[in-house]
Amino acid sequence: MRIITPYKYFADHSDEWLAKEIPTWFSEPKKRRADLQDSQVKAGTIKSCPSFVDIFRNSLVLRAPCDCLFNLLGDNYEFISGECANHKMINFEYHDIKSQMNQEWANDYIHMKLNFNAQMVAETRSKCLFFPPEYHFEEELSIIKPMLGAVNLLPNTGVEFNINMLASKRDFLERKEVLIRKGTPLAYVYFPFEEKVSVEYLPQSEFDNFSFTKTSFSGDYLKAVMKGKENDQKQLADVD
């Protein structure tokens, strides 16, 4: 599994914004368990729970690669503007949550997308999921959180490395502007079927060759995913 980018700085400093990390508190249960055993109390810890171990083993922590500033606009603060310190690495896209979801969502939340200058390329059909980075609570986290979501990856096909973000309108109104400092945890990027994920630099021409070609405003990629699933099922049927 590769994450490719035409921006060399992005690849050379990938450990600053996308890396496998274990929260510092994760080592503490071992000591506590030893204390409990001294008092003859049997106790398991989070370190022996398969669900948590799997998350930390197969996730990368996505951090802000540069400072990002967001402001509320409009008579009713219904719009948001954003600016990133290095637009070559990351840019901001406002989404009208009222039209894309419904009025109830718009009453309480603000929706945006962070677009990274990168693509995810898998060797075989795979999947990527985004989670809020809540287990890194020892660090200062942003009020802007990732929306839970999954991305299907097609073989040797570039998928844009973008993430939908959501913020409570109430939290935003208390601040009027939100500054996300470089290095702030943004999300966990979970690859359940990939043992190794690397970040690699590619010249722009080679990078463009991996890009999925869209011919309509929406639906192209979903059709390709469904076609891939149909082919997989056909191959399994042929084997049977």
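I count a polar contact as a pair of N or O atoms within 3.5 Å; within protein, one must be able to donate a hydrogen and the other to accept it, and residues adjacent in sequence count only if both atoms are side-chain atoms. I looked up E200 under that rule: a polar contact of 3.1 Å joins its side chain to that of S198.

The model is predicted, so I note that local features need pLDDT of at least 70 and side-chain atom pairs pLDDT 80 or more, while totals for chains, interfaces and linings use all residues. Residues are numbered from 1 along each chain as its sequence is written, and side-chain values use heavy atoms, without hydrogens and water.

**E200.** I find E200 in strand β14, residues 198–201 (strands are DSSP E runs of at least two residues, helices H or I runs of at least four, numbered from the N terminus). E200 is partly exposed because its relative accessibility is 27% (buried is under 20%, exposed over 50%, partly exposed in between, with a 1.4 Å probe and protein chains only). Beyond its neighbours within four places in sequence, E200 contacts R2, I3, I4, T5 and A11 (contact means heavy atoms within 4.5 Å). I also checked D12: it sits 188 residues from E200 in sequence, but 8.2 Å away C-alpha to C-alpha.

**S14.** I place S14 in the loop between α1 (8–12) and β2 (18–19). Is S14 buried or exposed? S14 is buried, because its relative accessible area is 16%. Outside the four places either side in sequence, S14 is in contact with A19 and V199.
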